[in-house]
Amino acid sequence: MVSVVSSVGRRSYSRVLLYLLSVMAVISVLFPLAGQAQEGLEDIAFYTLGKDLVIRANFSDVVRYQKHYPAKAGDTLVITLKLVGITDNRNLRDRRISKRPRGIEGIPLRDVTFEVNGTEGPRLVVHFTRKVSYAVRQGKDNRSIDIVVSGVKISRVTQDQDVEKQAARLFGQGRQALLKKQHRQAIRLFIRVLDLPENSYSADALEFLGVARERNGQRQQAVVEYKLYLKRYPKTEGADRVRQ
């Protein structure tokens with residue numbers, strides 16, 4: 001009798017333990033640990049707007065432009081921000097991004113640095129390779145800041161075939177990162193695919209970006225990506241998956 005009771009007790013204990021572990025797993029996804037470093041600045045992208053160049057700083061959550069200096073021109077630009085969607089700055093980390101798209105020449109950017117604890121709060125520090133004229137504005141998606149640099153002559157030397165090769169490489173790396181549960185790395189890679197001119201991987205990259213954000217606990221951002229997908233690619237095979 002004792003052995004039967006002990007066996008039943010062990011089974012009950014195992015069920016309770018499995019239940020608690022599953023609850024803890026869900027909580028760890030929805031509420032990251034206090035000591036876990038989180039990213040504010042995700043990536044930077046480049047666009048042309050007429051004769052102007054737009055440098056877009058993409059953030060992991062809602063961000064608000066506050067002010068910037070110098071006002072109109074300089075070789076260094078400082079932008080003060082308010083992180084609306086991130087209530088606890090203690091888990092954020094500084095990040096420096098230095099990149100220029102392959103195959104594009106003439107972009108006068110050295111690097112962009114996100115500083116969590118700037119003089120007046122979180123800020124972006126943008127270093128140009130020379131003095132330029134610019135304007136700063138809030139991004140339309142409320143998760144980005146646009147720096148519009150005027151009078152920049154940009155020459156595109158990338159051919160369509162090169163774009164496809166680069167997109168294929170980045171998309172493949174993004175899928176591998178997603179399979180390895182390296183969700184932040186996957187997000188960066190899919191964004192880089194979307195930074196390229198429209199290509200055969202653009203739709204899949206946008207869909208997988210939504211998946212990566214969802215698995216990274218960024219459910220609201222994932223919904224934004226899915227809605228954008230349905231707007232851009234409403235009749236594709238992936239649209240049915242996204243609607244689910």
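**Aromatic pairs and nonpolar cores**

The structure holds 7 aromatic pairs, where rings of Phe, Tyr and Trp (its six-membered ring) pair if their centres lie within 6.5 Å, and where planes under 30 degrees apart count as stacked, over 60 as edge-to-face and the rest as tilted. One of them joins F171 and F190, whose ring centres are 5.7 Å apart with the planes at 50°, so this pair is tilted. It links distant parts of the chain, since F171 sits in helix α2 (residues 160-179) and F190 in helix α3 (residues 183-195), 19 residues apart; helices here are DSSP runs of H or I of at least four residues, strands are E runs of at least two, and both are numbered from the N terminus.

Before going on, please keep in mind that this is a predicted model, in which local features need pLDDT of at least 70 and side-chain atom pairs count only at pLDDT 80 or more, while totals for chains, interfaces and linings use all residues. Residues are numbered from 1 along each chain as its sequence is written, and side-chain values use heavy atoms, with hydrogens and water left out.

F171, at 6% relative accessibility, counts as buried, and F190 is buried at 0%, buried meaning under 20% relative accessible area, exposed over 50% and partly exposed in between, with a 1.4 Å probe and protein chains only. Ring pairs also link F171, F190, Y201 and F208 into a cluster.

Turning to the cores, meaning sets of buried Ala, Val, Leu, Ile, Met, Phe, Trp, Tyr and Cys residues joined through side-chain atoms within 4.5 Å, the largest has 29 residues. Strand β10 (121-138) gives the most to this core, with 6 residues. A second, separate core of 25 residues includes L170, L196, A205 and V242.
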